[in-house]
Amino acid sequence: MSGSLLPPLESLRETLGRVRMPLLVAGSGAARSAAGTLANQLDDYILPRLRDAGAPLLAVVGGSTGSGKSTLVNRLVGTPVTTPGVLRPTTRHPVLAHNPADTEWFASDRILPRLPRITGGTALGGTVDVFGLRLVAVDAVPAGIGLLDAPDLDSVSHANREMAGLLMAAADLWIFVTTASRYADAVPWAALRAAVDRNAAVVVVLNRVPVEAIAEVTTHVRQLLADERLANAPLFVVPESPLVDGMLPADRLADMQTWLNDLVADAATRAAVARRTVDGAVGHIVSDMPAIADAVALQCNTADRLRTAVDEPYARAAARLEEAASDGSLMRGEVLARWQEFVGTGQLLKRLEEGVGRLRDRIGAAVRGEPPPPERVSEAIESGLATLLVEAANDASRRADLAWREDDAGRALLAGSDLARASSDVADRAAALVRAWQGDLLDMIRTEGADKRQTARAMAYGVNVVALALMIAVFSTTGGLSGAEIGIAGGSSVLAQKLLEAVFGEDGVRRMSAIALEKLKGRVEVLMAEEKGRFLARLDALELDPELPARLEAEAAQIQQARHAEDGGAVLPAGPTPPGEAAAPPKKWRDSLRDWFSGS
């Protein structure tokens with residue numbers, strides 16, 4: 001292996017570490033599991049193998065319950081290192097037998113880094129209930145390979161089944177063990193199909209075959225293997241034999257022992273086997289990546305949909321507040337009454353045409369205490385605007401909460417919380433908002449004057465009075481009023497307008513009114529953003545990256561390109577022909593002609 005695959009695969013592993021699928025979306029559970037499986041395979045096998053191409057092979061012996069895996073490993077090793085048993089489940093922790101010269105390779109976390117190593121003490125698997133990988137150094141194991149006795153693929157223990165799958169995914173060579181009575185079971189064939197999908201190097205051991213049935217059973221198994229695209233997989237047949245001191249007779253596995261020794265002795269073949277299995281595993285990752293990228297994209301799209309379901313009602317609330325602040329709605333009721341009390345509408349409106357000078361005298365009298373004080377108008381505005389803010393916030397909360405409850409992902413995010421009403425302190429914050437906006441206007445009036453005359457005029461009328469006039473000018477365009485209200489509010493607006501023009505001029509009033517409305521709008525948007533933050537904080541905490549799907553697809557494409565530069569083909573040496581197996585009869589000429597005609 002040239003190593004050109006290593007950089008893009010390392011990049012992909014880093015990206016997979018950022019994959020988040022927390023939202024309750026159809027298919028997310030399966031995609032999350034698939035992403036985790038791919039990340040584990042990169043950690044457990046692919047990356048370690050690419051970083052150490054010359055490392056010993058890992059041959060994992062797997063199969064269904066009672067297939068004789070442990071007995072097979074003990075015979076290949078030449079001494080009992082793992083315990084076969086009648087009680088299930090057996091092999092609670094897997095046993096890895098290796099040559100002492102290879103200890104450093106298997107004792108490190110180069111492969112299967114999540115499994116702690118267990119050395120020393122008893123070497124019998126299943127005798128100590130400890131989670132980990134038990135290492136046993138045995139001189140009889142040829143250097144360059146480790147034999148790992150895995151838990152049953154169909155174990156009654158979920159943890160054992162998961163362990164078996166993890167180990168099989170980390171294997172350079174898969175040795176599947178089945179029996180004459182159970183070779184047609186679904187579990188071993190499902191595992192073999194997974195091996196084919198990954199183009200893994202596979203050896204099949206047919207164990208405990210009655211001597212008289214060897215030919216028939218072997219022929220059938222070979223046909224099944226051919227149907228599953230495993231016609232070239234080496235097949236070893238172990239005749240049924242009584243155990244001697246708990247071990248198979250040495251001659252029963254002599255052919256397989258020789259085959260393994262020859263495989264390990266040939267460095268080129270050994271490297272080709274590892275290269276083939278890596279290539280198959282990488283190909284599986286590439287083929288799975290579009291589905292994972294789609295699942296991540298669906299998470300991001302779902303989060304965007306939930307975010308929009310919150311943004312829209314709060315945006316509408318802010319827009320309604322802006323509209324209410326400029327269409328005359330706020331000039332109804334208390335605000336209008338207090339303003340009229342303050343300015344003394346009747347006489348002032350009659351004298352508006354007599355000039356700004358007399359208007360200034362009239363307002364000056366008001367400031368000196370003859371009409372009710374301006375604070376009452378300010379309080380009415382504060383109360384009315386704050387009430388509108390609270391109502392708008394509650395309405396937006398109700399709509400956002402309802403939208404999330406109608407969505408599976410949103411309902412799960414709420415997790416029983418009731419966000420249908422605004423925050424408990426929203427009334428206080430709304431009142432503070434209005435007061436702060438009033439402060440904005442006072443600051444603007446104090447600093448807006450282009451010259452000393454404008455400042456003097458503002459001070460003559462009273463800054464508070466000018467600020468009230470500015471608020472009234474902002475609030476009373478009469479778009480939301482009708483009937484007698486239009487005349488009253490309209491007159492009030494004219495009065496405020498004339499007062500402001502006397503101080504700042506027509507252009508200045510127009511500019512200041514626009515600025516005042518923008519400042520109010522900005523503060524309202526901040527309040528609504530704080531309110532909707534109760535929803536959006538739950539989305540932000542998910543840390544979904546919208547760029548992740550494209551990154552996953554791009555990295556998969558880079559891996560595929562690098563993969564084409566590698567030689568991923570390798571054929572295992574053929575196994576021996578089992579004794580008594582019938583040779584395939586030659587085809588008749590009619591069958592050959594039919595095959596030629598059909599293109600077979």
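The model is a predicted one. By that numbering, helix H2 (28–51), helix H5 (158–169), E6 and H6 each give at least two residues to the lining of the largest pocket.

Stay with this pocket for a moment. It holds about 520 Å³ of space. Its lining counts 20 residues. Arg161, Glu162, Ala164, Gly165 and Leu166 are those nearest the pocket's centre. H5 is the main contributor, with seven residues. By class, the pocket lining splits into nine nonpolar, six polar and five charged residues.

Now turn to helix H6, which spans residues 186–197.

Which residues of H6 are buried? They are Pro188, Trp189, Ala191, Leu192, Ala195 and Val196. Viewed down the helix axis, these buried residues fall within an arc of 160°, so they line one face of H6. The spacing has a simple basis. An α-helix has 3.6 residues a turn, so positions three or four apart point the same way.

The face of H6 turned away from the buried side carries Ala186 and Asp197, both exposed. The cover over the buried residues of H6 includes strand E6 (173–179), strand E7 (201–209) and helix H7 (214–227). After H6 comes asparagine 199, with a positive phi near 55°.

The largest cavity holds about 70 Å³ of space. Phe176, Thr178, Tyr183, Pro188, Trp189, Leu192, Val204, Val221 and Leu225 line the largest cavity. E6, H6 and H7 are the elements that each give two or more residues to this lining. H6 gives the most, with three. The lining of the largest cavity has eight nonpolar residues, one polar residue and no charged residues.

Two links tie the picture together. Pro188, Trp189 and Leu192 are buried in H6, and Pro188, Trp189 and Leu192 also line the largest cavity. H6 also supplies at least two residues to the lining of the largest pocket.

Technical notes. Residues are numbered from 1 along each chain as its sequence is written. This is a predicted model: local features need pLDDT of at least 70, side-chain atom pairs count only at pLDDT 80 or more; totals for chains, interfaces and linings use all residues. Side-chain values use heavy atoms; hydrogens and water are left out. Helices (H or I, at least four residues) and strands (E, at least two) are DSSP runs, numbered from the N terminus. The expected span of a helix is 1.5 Å times one less than its number of residues. Buried means under 20% relative accessible area, exposed over 50%, partly exposed in between (1.4 Å probe, protein chains only). The arc is that of the directions from the helix axis to the C-beta atoms. Contact means heavy atoms within 4.5 Å. On a 1 Å grid over the protein atoms alone, a cavity is a set of points where a 1.4 Å probe fits but cannot get out, and a pocket is an open set with protein on both sides within 12 Å along at least five of seven lines; lining residues have an atom within 4 Å of a point. Grid points are joined across faces, edges and corners, and a volume is the space filled by probe spheres set on the points. Ala, Val, Leu, Ile, Met, Phe, Trp, Tyr, Cys and Pro count as nonpolar, Asp, Glu, Lys and Arg as charged, and the others, Gly among them, as polar.
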